[in-house]
Amino acid sequence: MFRTRALAPAALLLLAPLATACGGDAAGADGPGTVTVTVTVGYQSKTINTVTAGTLLRSLGYFEQELAARGKKDGITYKVDWQDYATGAPITAQMTAGKIDIGSMGDFPLLINAARGKELGQPTRLVSVTGYNLRGGLNTIVTAPGAKLESLADLRGKKVSTSVGSAADGTLVRALQRAGIDPATGIQKLNQQPSVGASALQAGSADALSQFVAWPGQLAYEGKAKALYDGAELNLPTFHGVTVRQGFAAQRPGVLDDFLRAQRKATDYLRTRPVAAAESVAKDTGLPAEVVYLYNGSNGIATFDPALRPDLLAALKEDVPVLKDAKLVGDVDVDGFVDPAPLKRLAADLGPDYPVAAAARPELWLKNETATRTFDTPAALLKALKGADVRAAYVPDAVTGTLWFADKAVWVAEGSELRAFVTPAGAKAYVDGHQGSGARIVSFAEAGGIAS
């Protein structure tokens with residue numbers, strides 16, 4: 001927690017060897033009379049659509065550079081304590097205990113962050129966005145590769161692992177409701193951390209797994225899961241954002257400005273150098289770079305933009321009833337939680353907001369190349385795969401636009417035209433809706449043969 005206190009010269013001498021543990025002022029290690037301010041940042045290294053406020057930002061050192069420049073002007077030594085967590089819940093716990101100053105998490109955890117902060121006298125504010133998907137494609141329900149489950153209807157009575165209170169849990173609840181299944185009684189919900197749920201799926205103790213980026217993509221890439229439900233079918237925006245303790249923001253507004261300025265620089269880096277960014281995040285997290293790029297690439301499932309877009313904030317308000325029904329929050333004042341002022345005062349420094357994400361296009365990543373190639377059609381992508389030294393090939397779902405691995409997608413041939421789908425249910429729905437056109441589901445190999 002950031003705190004300010006006056007220190008007598010004698011006290012400064014006694015404390016000179018010490019540095020602050022969390023967000024506070026103390027005599028620094030640089031000698032008597034110096035002051036060190038440690039800013040504690042909670043992030044989720046493997047939730048890779050938060051990397052511009054976490055993993056990538058940390059590796060680029062932009063926040064530290066901004067603080068170093070500030071320190072030269074005000075005579076204070078600034079340090080950053082990066083704390084890595086698997087989900088947003090422990091970040092909220094640490095923020096409400098005054099031990100984390102700035103954190104990043106998904107939309108549902110952000111609402112819990114707002115509620116807990118208010119309840120415990122440590123109010124927090126949402127100040128920026130990291131990555132978003134306007135249709136909800138950041139969350140996916142997957143099942144085992146050999147499972148006979150083909151649609152949400154098949155989950156009735158089954159064991160489904162998720163992290164209660166997460167955005168992925170919200171997707172599961174809404175998807176089941178639309179399928180006519182009571183989320184409370186129609187399935188056996190297992191409340192598990194993502195890694196535990198992934199292990200449960202592989203062990204057979206869970207029939208399906210509903211999780212957020214990057215778990216579904218990683219499991220599919222490794223051949224350990226297949227997509228059952230694409231969160232983008234909900235057509236409801238989902239995003240991750242940056243939250244700050246209100247007390248810290250009031251006491252150190254300049255430091256918050258430095259963080260947001262650094263986040264924008266990291267966003268610029270990711271958007272202009274997506275392959276390099278994916279490689280960097282992969283190195284720091286142990287995730288395959290091909291999975292990182294699926295979400296964070298130039299046509300990736302996540303779009304990165306710090307702006308507090310009205311459509312995202314409107315979606316956040318629609319999330320409140322879901323959490324209330326689960327008895328995880330009461331009423332949440334979303335308008336009071338959102339603080340647009342920091343980004344507004346930095347508008348001249350940051351420049352205009354990024355344009356709205358364009359529709360995804362088929363994309364090919366060849367080995368030993370530092371840039372990818374895009375194509376106008378899935379057939380053109382498949383044709384380019386012939387004889388190529390492929391690292392990864394990606395194709396958007398024909399209906400939802402969610403990017404997926406070409407060799408893991410479900411393909412539909414309609415004459416010489418080819419379409420890809422993330423899930424078997426999506427492909428089947430298209431075929432059923434185009435009877436008489438000759439539309440049929442084909443294998444990846446068959447699709448390649450048609451394309452050539």
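This note goes through a predicted model, point by point.

1. **Basis.** Local features need pLDDT of at least 70 and side-chain atom pairs count only at pLDDT 80 or more, while totals for chains, interfaces and linings use all residues. Residues are numbered from 1 along each chain as its sequence is written, and side-chain values use heavy atoms, with hydrogens and water left out.

2. **The five-stranded sheet.** Five strands build an open sheet, ordered E8-E7-E9-E6-E10, with mixed pairing. Strands (E, at least two residues) and helices (H or I, at least four) are DSSP runs, numbered from the N terminus. Two strands pair if DSSP finds at least two bridges between them. Strand E8 (188-191) and strand E10 (226-230) stand at the edges; each has a single partner strand, so one side of each lacks a neighbour in the sheet. On average, neighbouring strands of this sheet are turned by 30° against each other, direction ignored. Axes are lines fitted to C-alpha atoms, for helices over the stretch in contact, and angles run from 0 to 180 degrees between N-to-C directions.

3. **Pairing inside the sheet.** Strand E6 (residues 139-143) pairs with E10 in the antiparallel sense, over four bridges. E6 also pairs with E9, again antiparallel, over five bridges. Val142 takes part on both sides: its bridge partner in E10 is Ala227, and in E9 it is Leu209. E7 and E9 run parallel and pair over two bridges. Leu209 in E9 is also the bridge partner of Ser161.

4. **Strand E9 and its cover.** Five of the five residues of E9 are buried. Buried means under 20% relative accessible area, exposed over 50%, partly exposed in between (1.4 Å probe, protein chains only). Ala208, Ser210 and Phe212 point one way from E9, whereas Leu209 and Gln211 point the other way. In a regular strand the side chains alternate between the two faces of the sheet. Helix H7 (residues 194-203) lies across E6, strand E7 (159-162) and strand E9 (208-212), and runs at about 155° to E9.

5. **E13 and its partners.** Strand E13 (residues 363-366) sends Glu363 and Trp365 one way and Leu364 and Leu366 the other; all are buried. E13 pairs with strand E14 (residues 373-374) in the antiparallel sense, over two bridges. Glu363 stands opposite Thr374 in E14. The hairpin of E13 and E14 has six residues between the strands, and Asn368 there takes a positive phi near 65°. E13 also pairs with strand E15 (residues 390-396), antiparallel, over four bridges. Here Val390 in E15 is the bridge partner of Leu366.

6. **Two buried residues.** His240 sits in strand E11 (residues 238-245). His240 is buried, at a relative accessible area of 4%. Leaving out residues up to four places away in sequence, His240 touches Thr47, Asn49, Thr50, Met105, Gly106, Val129, Thr130 and Gly131. Contact means heavy atoms within 4.5 Å. Arg261 belongs to helix H10. Arg261 counts as buried too, with a relative accessible area of 18%.

7. **The largest pocket.** Its volume is about 610 Å³. A pocket is an open set of points on a 1 Å grid over the protein atoms alone, with protein on both sides within 12 Å along at least five of seven lines; lining residues have an atom within 4 Å of a point. Grid points are joined across faces, edges and corners, and a volume is the space filled by probe spheres set on the points. The lining has 27 residues; Gly300, Thr303, Ala357, Ala358 and Ala360 lie nearest the centre. Strand E5 (124-133), helix H10 (253-272) and strand E12 (303-304) each supply at least two lining residues. By class, the lining has 15 nonpolar, ten polar and two charged residues. Ala, Val, Leu, Ile, Met, Phe, Trp, Tyr, Cys and Pro count as nonpolar, Asp, Glu, Lys and Arg as charged, and the others, Gly among them, as polar.

8. **The cavity.** The structure holds one cavity of 30 Å³ or more. A cavity is a set of grid points where a 1.4 Å probe fits but cannot get out. Helix H5 (107-119) and helix H6 (167-178) each give two or more lining residues. H6 gives the most, with four. The lining of this cavity divides into five nonpolar, six polar and three charged residues.
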